[in-house]
Amino acid sequence: MNDVVAIVGPTGVGKSDIAIKLANKLRIEIISVDAFQVYRGLNIGTAKVSLAEQSRAPHHLLDIVSFRTSFSVKSFQCLAQKKLNEIWERGNLPVVVGGTGLYLSALLCRYKTPAVPPDKAFRATLAQEIAEYGSETLHERLRAVDPVAAESIHPANHRRLIRALEVTKSGHKFSEIGIVNEGSYGLWIGLNMPRPLLYERINKRVVQMIEQGLLNEVKSLVKQGLTKEMTAGQAIGYKELLAYLAGDCDFMSAIEEIKCASRKYAKRQLSWFRRLAFIKWFDVSRSSSENEIVSLLLQEFPDYVIESSP
């Protein structure tokens, strides 16, 4: 595989900001690795970069499918690999940015789909259990046999939860599929900060999303057909506001639940990425970290440096 950079880390840490700033120094194109930014219309709640930000560097794999569609790891893997090849052909440096660990591993690690055929009867049984009792019981069942997988899979992600249990039933661990510390591709940059500061940033970002009109965005999507049963309807921010609109909770409770779900998601992301020994971590709460990241990339990828005007 040719040159590629991955910028990873928990939600709210500032991955997109760093990536866009690199466009001032290097000839880059950015590939989004976010399981929900692929959906058209899910903008505010997914913290999708604005059109103005996208104008500073080409962005790929944003707004590529309808929210009515279920988007798989395999779909991402195929599309992202195609984009990598196109970027290399243009002589630019691909910068892969996001926090969906499974998608990143599928693209840049020796990821392979488990050789476990679908068990329709087993899946139907688990789906019925979820319908009757909710997903938390199944999530605890997964935690008992594969705690690492349980950390990386949200209880609301029913499809992946069922698949993980299906794989464990065959005698494999879902968490051990395709993650190889030796043989990863590219330079991986991990962004993090002290946990209290990260959680404070996440809480403030949720408030900003509400102020930016997240509720109206969800209302508009509902009019277009978005429901809680859809994969897109399980995205953090959308799931909670769908519950509010359905009368299941009050508005302030929904906001607090978005904050809580976002913090828990950040914790799961960190658990996923910390298993990957090849990531070079930076504490972005330090004022010097951005310059250190830029200096590292300029040193590692001199062929892509933008020459300064005389």
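This briefing covers the sheet, the nonpolar cores, selected helices and the salt bridges of the structure above. The model is predicted: local features need pLDDT of at least 70, side-chain atom pairs count only at pLDDT 80 or more, and totals for chains, interfaces and linings use all residues. Residues are numbered from 1 along each chain as its sequence is written, and side-chain values use heavy atoms, with hydrogens and water left out. Helices (H or I, at least four residues) and strands (E, at least two) are DSSP runs numbered from the N terminus.

**Sheet**

- An open sheet is formed by 6 strands with parallel pairing, in the order β3-β2-β4-β1-β5-β6; two strands pair if DSSP finds at least two bridges between them.
- β3 (59-60) and β6 (280-283) are the edge strands, each pairing on one side only.
- β2 and β3 run parallel and are joined by 2 bridges.
- His 60 in β3 is the bridge partner of Ile 31.

**Nonpolar cores**

- A nonpolar core is a set of buried Ala, Val, Leu, Ile, Met, Phe, Trp, Tyr and Cys residues joined through side-chain atoms within 4.5 Å; buried means under 20% relative accessible area, exposed over 50%, and partly exposed in between (1.4 Å probe, protein chains only).
- The largest core has 50 residues, and those with the most contacts inside it include Tyr 39, Phe 76, Trp 188 and Leu 214.
- Elements giving two or more residues to this core include β1 (5-8), β2 (28-33), α3 and α4 (101-108).
- A second, separate core has 33 residues, among them Ile 28, Ala 57, Leu 198 and Leu 297.
- Beyond four places in sequence, Trp 188 touches residues including Ala 6, Leu 104, Cys 109 and Phe 278; contact means heavy atoms within 4.5 Å.

- Ala 80 lies in helix α3 (residues 73-89) and counts as buried at 0% relative accessibility.
- Not counting residues up to four places away in sequence, Ala 80 touches Ile 31, Leu 61 and Leu 107.
- Ala 80 and His 60 are 20 residues apart in sequence, with a C-alpha to C-alpha distance of 8.4 Å.
- Ser 135 sits in the loop between α5 (120-133) and α6 (136-145) and is buried, with a relative accessible area of 10%.

**Helix α10**

- Leu 214, Leu 215, Glu 217, Val 218 and Leu 221 are the buried residues of α10.
- Seen down the axis of α10, these residues fall within an arc of 160 degrees, so they line one face of the helix; the arc is that of the directions from the helix axis to the C-beta atoms.
- The buried residues of α10 pack against α9, α11 and α12, whereas Asn 216 and Lys 223 on the other side are exposed.

**Salt bridges**

- The whole structure has 13 salt bridges, each a side-chain nitrogen of Lys or Arg within 4 Å of a carboxyl oxygen of Asp or Glu.
- Lys 48 forms a salt bridge with Asp 63, with the closest N and O atoms 2.4 Å apart.
- Lys 48 is in the loop between β2 and α2 (51-54) and Asp 63 in the loop between β3 and α3, so the pair ties together parts 15 residues apart in sequence.
- Lys 48 is buried at 12% relative accessible area, while Asp 63 is partly exposed at 31%.
- Arg 123 and Glu 166 meet in a salt bridge (3.0 Å, N to O); Arg 123 is in helix α5 and Glu 166 in helix α8 (residues 158-169), 43 residues apart.
- Arg 123 is partly exposed at 32% relative accessibility, whereas Glu 166 is buried at 2%.
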